[in-house]
Amino acid sequence: MSHVHVIGAGLAGLSAALALTEAPGCTLTLHEAGPAAGGRCRSYHDRALDLRIDNGNHLLLSGNHAAAAYLATIGASDRLHGPDTPVFPFFDRRSGARWAVRMNQGRLPWWILSPGRRVPDTRLSEYAALIGFARVRDDTPVADMMRHGRLYERLVEPLAVAALNTRPETGLARLLGAVIRETMMQGGAACLPRYPIGGLSDALVDPALDLLRRRGAEIRFSHRIAALEITDGRVTALRGPDGTLPLGSDDAVVLAVPPWVATGLLPGLTAPDAFEAIVNLHFRHLADAAGDPAGALREAGLVGVVSGTAEWIFRKSDHVSVTISAANQRLDQPADQLAAEVWGDIAAALGTAAPLPAWRVVKEKRATFAATAAQEARRPGARSPLANLVLAGDWTATGLPATIEGAIRSGRTAATLLRAG
Ligand SMILES: Cc1cc2nc3c(=O)[nH]c(=O)nc-3n(C[C@H](O)[C@H](O)[C@H](O)COP(=O)(O)OP(=O)(O)OC[C@H]3O[C@@H](n4cnc5c(N)ncnc54)[C@H](O)[C@@H]3O)c2cc1C
């Protein structure tokens, strides 16, 4: 392998590029179609709000070990923060009830024995269902895994929608199970919520680009690869904006683009083809200044909302952001209506009478593939039919839902395959 071309500078491409440039003798070019790196996980300046915002709120958990290793490699572990204890506050918009799930740090989950730490009005026996998620291997959807009591409504459903970005009626229980095995089942120490202090790009993207440059990688922005030339089962050239770029006989390619681009570049590739939107709303409002009576947002950095339009409220240094997942049905809803509705949820959750502040609605139409059995069956491995091309991306068969953790692992898997020859 003499030169590697990584196509796509999302987290999968960055992770692959970092793993490849660790090895001596590998030279690398990163081709990114957009003017900046990060893909679906990026920050930018929003003119209407005059704030730097993230395209969407991204939550990591301390048990996301590949993400933690990636951050350590790029020297950015200190660019995430979060509470010292695994705490997840909730607010029920309909009843006004507030509670917090407070796991204990160790692996023995004694928090479920304590009514003050577990979900209110739940029975101990209901929690056994969580073990079922960690064990399920078939195509059972989340909604069919357990009784729809308080535990389901107040914890399992909100977690499932957030982790899978798919409604529980079709969202695959085994993908949620993979997350539960790596976080909840490892104990509270693996469930500390973690968010970027200065935004997604500052934490996860810019330090990776800096390290790649120091390692001699060439990074080309606004460099969309429009076609691959393929001869005798190998990629022999890339077609980009400057024309055709021939590949040497030992050169290789990591294709780290979204699935709808990958299938266009590689005819015959089977990949996910149904997607779910995520809607994020950003409000120019300081949570500290005007309320948060229960201190939940201050303590945990986020509040889950049950039976509202908002699903998760996130506290940022200079604004408040809300996530609505599995949001295909929200795409046609007018932005001003959505902003007013969600501000009602925030105001109730934070106990503020502040009028609707300046807002921005960001609708990510194809935020992730739909985590259904039919889509899971379409996820390919990293290996491709071409001798010198491997695939990476959150949509490849990582065993995880479409997440930062999955994207980073997929990049590492692709690099390992290439290095193995
Ligand atoms: C709103 C939102 C909220 C999310 N929340 C969370 C969360 O809380 N926690 C979590 O873990 N995950 C979350 N995710 C998922 C996470 O962002 C993704 O799993 C991850 O960023 C995917 O990375 P990727 O590299 O696989 O793909 P992408 O980020 O899509 O990267 C692909 C890159 O390829 C580039 N590209 C495309 N075509 C070409 C071409 N022809 N030539 C060159 N380059 C090309 C694109 O511009 C892009 O930069 C969220 C996603 C969204 C959208």
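**Domains**

Domain bounds come from an automatic or database domain assignment. On that basis the chain is divided into domain 1 (3–35 + 221–273 + 372–419), domain 2 (45–83 + 193–197 + 275–369) and domain 3 (124–188). This is a predicted model, in which local features need pLDDT of at least 70 and side-chain atom pairs count only at pLDDT 80 or more, while totals for chains, interfaces and linings use all residues. Residues are numbered from 1 along each chain as its sequence is written.

The centres of domain 1 and domain 3, taken over C-alpha atoms, are separated by 31 Å. Their contact (C-beta atoms, placed from the backbone, within 7 Å) takes seven residues from domain 1 and eleven residues from domain 3.

**Ligand shell**

Around the ligand stand 36 residues, of which the closest are G8, G10, G39, G56 and T403; a residue counts here if its C-beta atom, placed from the backbone, lies within 6 Å. Domain 1 and domain 2 each contribute at least three residues to this shell.

By class, the shell holds 17 nonpolar, 13 polar and six charged residues, where Ala, Val, Leu, Ile, Met, Phe, Trp, Tyr, Cys and Pro count as nonpolar, Asp, Glu, Lys and Arg as charged, and the others, Gly among them, as polar.

**Helices α4 and α5**

Helix α4 (residues 150–164) and helix α5 (residues 173–182), both DSSP runs of H or I with at least four residues, pack at an angle of about 95° with their axes 10 Å apart; the axes are lines fitted to C-alpha atoms over the stretch in contact, and angles run from 0 to 180 degrees between N-to-C directions. The two helices α4 and α5 are therefore roughly perpendicular to each other, a term covering 65 to 115 degrees.

Terms used:
Angles under 35 degrees count as roughly parallel, over 145 as roughly antiparallel, 65 to 115 as roughly perpendicular and the rest as oblique. Two residues are in contact if their C-beta atoms, placed from the backbone, lie within 7 Å.
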